[in-house]
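Try each task by yourself, then follow the solution step by step.

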Amino acid sequence: MMMPFGLHGAAATFQRLMNQVLSPDNSYAIAYIDDIVIYSANWEEHLWHLANVLRALGEAGLTANPDKCHLGQQGVTYLGYTVSWGKLRLLVNKVEALKNYPTLTTKRQVWQFLGLAGYY
């Protein structure tokens with residue numbers, strides 16, 4: 001899927017569209033802008049979920065780029081986390097970056113650090 005850049009509110013509008021398109025599948029599929037994660041307990045269930053999501057995209061007139069699709073993974077790195085086997089883990093390098101953060105010398109740096117630390 002591709003959305004035009006430079007349009008005011010395009011990301012939020014596209015997110016709303018994806019939420020509507022995937023609403024029947026929201027127990028096993030979630031979208032963040034143009035990324036869709038489909039999670040399942042086993043392979044057969046995953047194939048069924050994948051078929052439902054692809055059908056929903058097609059009915060909405062949307063397509064998925066096969067070159068950017070990663071299918072059948074047991075774990076994924078997504079938005080700064082590793083998700084696998086029903087567990088959500090922080091990325092080790094992100095935690096290390098917080099531990100080794102340089103000494104803060106300005107008010108702006110403090111705000112930046114608080115934003116980063118607050119996310120994790």
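**Exercise 1.** Work out how many helices and strands the protein chain has, and in what order its elements run.

*Solution.* Begin by counting: this predicted model has four helices and five strands in its protein chain. Next, read from the N terminus on, and the order is α-β-β-α-β-β-β-α-α.

**Exercise 2.** Decide whether the protein chain is a compact globule or more spread out than one.

*Solution.* Start with the rule: for 120 residues, the globule rule gives 14 Å. Now compare: the radius of gyration of the protein chain is 18 Å, well over that value, so the chain is more spread out than a compact globule. For a picture of the extent, the C-alpha atoms fill a box of roughly 55 × 40 × 25 Å along the principal axes. Finally, turn to burial: buried residues make up 22% of the 120 residues.

**Exercise 3.** Find which residues of the largest nonpolar core touch the most other members, and which elements supply the core.

*Solution.* The largest nonpolar core has 13 residues, and Met18, Ile38, Val53 and Leu57 touch the most other members. As for the suppliers, α1 (10-21), β1 (29-32) and α2 (43-59) each give at least two residues. The most comes from α2, with four residues. To end, zoom in on Ile38: leaving out residues up to four places away in sequence, Ile38 touches Tyr28, Ala29, His46, His49, Leu50 and Val53.

Definitions and conventions: Residues are numbered from 1 along each chain as its sequence is written. This is a predicted model: local features need pLDDT of at least 70, side-chain atom pairs count only at pLDDT 80 or more; totals for chains, interfaces and linings use all residues. Side-chain values use heavy atoms; hydrogens and water are left out. A nonpolar core is a set of buried Ala, Val, Leu, Ile, Met, Phe, Trp, Tyr and Cys residues joined through side-chain atoms within 4.5 Å. Buried means under 20% relative accessible area, exposed over 50%, partly exposed in between (1.4 Å probe, protein chains only). Contact means heavy atoms within 4.5 Å. The radius of gyration is taken over C-alpha atoms; the globule rule is 2.2 Å times the number of residues to the power 0.38.
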